[in-house]
Amino acid sequence: MIDIAEVVKDVDMMELASKTIDGVALTDEEKELTAELDAQFKEIGKTGHDKDHLISQFVMKTINEEINNAPDEILDRMFDRDTIGEQDDFEAYVTPKNTLVAHEVAAGGNAERSFLDISALKPVWKRRQIETDLQFKELARNGWKTVALLTQYAEDAFRNYMFEDVLSVIDNAIVSGADNYIAESTAAPTQATADALALYLLDNADSDGAVMIGLNKYIRAISKLQPQFFNGDMKAELHRSGFLGMYDGCDLYGISGAKKLGNGDLLIPDKRVFGIAGKVGSLTRKGDINVYQVENPNTEQIHLLFKDYVYGIAYNSETLKKVAKIVMAQ
């Protein structure tokens, strides 16, 4: 019998789960491994008993390994990312804006003092939890595939809800009247507002450059706003993929409107295009996800509880200037 803890330590089980779900051909070693896991999980479904809690042990180790190590392009551009222990406290610091003033003075004179703001950023903490059930009969019939699908979907849900939380927090923090709030009177970005966003981002961009992010329908519209500058290669790319990868020096990143959260919400707020010019602050994961399971023979189910997915979003009014948004008419 396979030791789940040892397997997860030595094998990328999330990748294996994805390959299984997507029907990608497995190596001989992967086939042998999944066959053993399949037999163990099917046996649990047949008996209705998981003495060693193999399911929760597998899911917990696999998701924690994936969430703690997998990169996320957009969030990595917006935040310093790290992980702390469950009992650890947290304060974030960012490089302060240069507010030192060089006064003109007479020989031997004194100047008014100026200061740097090196205050700590206090995080806004978010806590997410998933509860679901596995049917004995489904586990007995599909074994490894059932657990692989559950594992991938749970990991996707946690990651997607964190992304949505981050964008919602940033969206609510940028208010009308601010320099990084760009109002659009139409239902889609125009060249005037796209140019205004690009100019703001390039004025504030760090060494990594700037990126615009929004639903595909808005990003595609922005990419087509300057046809007078399109050369042959750009026209070919537009024909091939439907949009160009840059606008006025800013990378473009589209998110599918068909990709939604479990409750039906979009991953990113509608009627918005966000611009990222650098790091806003810190995004910190706290502790590991814990997964608990309880068998219920009366309903022929295993109840699973995924809890302790905790993360802190830290920024302040000064660092928020690294992000801007276009807000379109409703």
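Modeller: The model is a predicted one, and in it the count comes to four aromatic pairs. In one of these, the ring centres of Phe-41 and Phe-58 lie 6.0 Å apart with their planes at 70°, and because an angle over 60 degrees counts as edge-to-face, that is how this pair is described. Since Phe-41 belongs to helix H3 (residues 28-47) and Phe-58 to helix H4 (residues 54-69), the pair ties together parts that are 17 residues apart in sequence.

Another pair is formed by Phe-158 and Tyr-309, whose ring centres are 4.6 Å apart and whose planes stand at 40°, so the pair is tilted. Here Phe-158 comes from helix H6 and Tyr-309 from strand E10 (residues 301-314), so that the pair ties together parts 151 residues apart in sequence. Phe-158 has a relative accessible area of 2% and is therefore buried, the cut-off being under 20%; Tyr-309, at 1% relative accessibility, likewise counts as buried.

Beside these ring pairs, there is also a contact between a charge and a ring to look at, for Lys-286 lies over the face of Trp-125, at 4.9 Å from the ring centre.

Technical notes: Residues are numbered from 1 along each chain as its sequence is written. This is a predicted model: local features need pLDDT of at least 70, side-chain atom pairs count only at pLDDT 80 or more; totals for chains, interfaces and linings use all residues. Side-chain values use heavy atoms; hydrogens and water are left out. Rings of Phe, Tyr and Trp (its six-membered ring) pair if their centres lie within 6.5 Å; planes under 30 degrees apart count as stacked, over 60 as edge-to-face and the rest as tilted. Helices (H or I, at least four residues) and strands (E, at least two) are DSSP runs, numbered from the N terminus. Buried means under 20% relative accessible area, exposed over 50%, partly exposed in between (1.4 Å probe, protein chains only). A charge sits over a ring if NZ of Lys or CZ of Arg is within 6 Å of the ring centre and within 35 degrees of the ring normal.
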